[in-house]
Amino acid sequence: MKFSTLCLSALLFIFSSTAALAETKIYHWVDEQGKSHFSDTASPGTKEISVHNQNLLVNSTKPEQESDLAIKASQENSAAIKYQATITSPLDDVALRSNDGTINIQVATTPEKKNNQKLQLFLDGKALGEAQISPTISAQNIDRGTHQVQVQLLDENGKLLAKTQVVTVHLLRAAVGKANTATQ
């Protein structure tokens with residue numbers, strides 16, 4: 001009996017390496033000496049046996065479809081994540097003194113942004129410079145006065161994932177010019 005089980009196991013192993021197992025028929029017979037035999041071809045006196053391999057995985061997608069499905073799943077996963085972005089510095093409604101007109105903005109994202117996602121600075125409602133990867137953004141040579149700052153988190157295709165709050169800053173910058181002198 002051990003031999004027949006071994007033979008059946010061997011046949012199952014051979015056929016399980018292909019998807020054809022679900023379509024392959026296996027036949028069994030016992031010879032005059034009482035030995036069990038298994039085969040994939042029918043002979044007179046054989047009985048067809050039913051084998052169900054529940055461990056067989058049949059891939060219904062083509063290789064080129066698999067990469068498309070992986071890309072789509074990645075995009076859906078990225079879209080499913082709800083990002084939040086916050087300007088942590090400067091604080092809202094704060095006066096900043098910068099004679100060279102520099103405003104440094106620090107942005108935090110939750111969850112942490114991926115390396116292929118970028119941050120776009122908006123100053124007074126207009127995009128300023130190129131989107132960048134760093135969470136520290138430096139706006140240079142900004143005119144003195146009151147400005148509104150906001151940052152947008154963008155995916156690799158430029159799609160909006162999150163916006164920060166609008167932060168108002170009052171930039172104090174020394175004026176360049178001659179001092180008023182009184183004439184006598």
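Me: Which residue of β2 does Tyr27 stand opposite?
Reply: In this model, which is predicted, the residue that Tyr27 faces in β2 is Ser39.

Me: What makes β1 and β2 a pair of strands?
Reply: Two strands count as paired if at least two bridges are found between them, and β1 (residues 26–30) is joined to β2 by four bridges in the antiparallel sense, so the two strands meet the criterion.

Me: Why are β2 and β3 called edge strands?
Reply: The open sheet has three strands in the order β2-β1-β3, with antiparallel pairing, and both β2 (36–39) and β3 (47–49) pair on one side only. From one strand to the next, the twist averages 35°.

Me: How do you know which residues Glu48 touches?
Reply: Glu48, a residue of strand β3, has Lys25, Ile26 and Tyr27 as its contacts once residues up to four places away in sequence are set aside; contact means heavy atoms within 4.5 Å, so each of these residues has a heavy atom within that limit of one in Glu48. Between the C-alpha atoms of Glu48 and His28 there are 6.4 Å in space, although 20 residues separate them in sequence.

Me: Why are β4 and β9 edge strands?
Reply: In the antiparallel open sheet ordered β4-β6-β9, β4 (84–89) and β9 (136–139) each have pairing on one side only. Neighbouring strands here are turned by 30° against each other on average, direction ignored.

How values were computed:
Residues numbered from 1 in each chain as written. Predicted model: local features only at pLDDT ≥ 70, side-chain atom pairs only at ≥ 80, totals over all residues. Heavy atoms only, no water. Axes fitted to C-alpha atoms, helices over the stretch in contact; angles between N-to-C directions.
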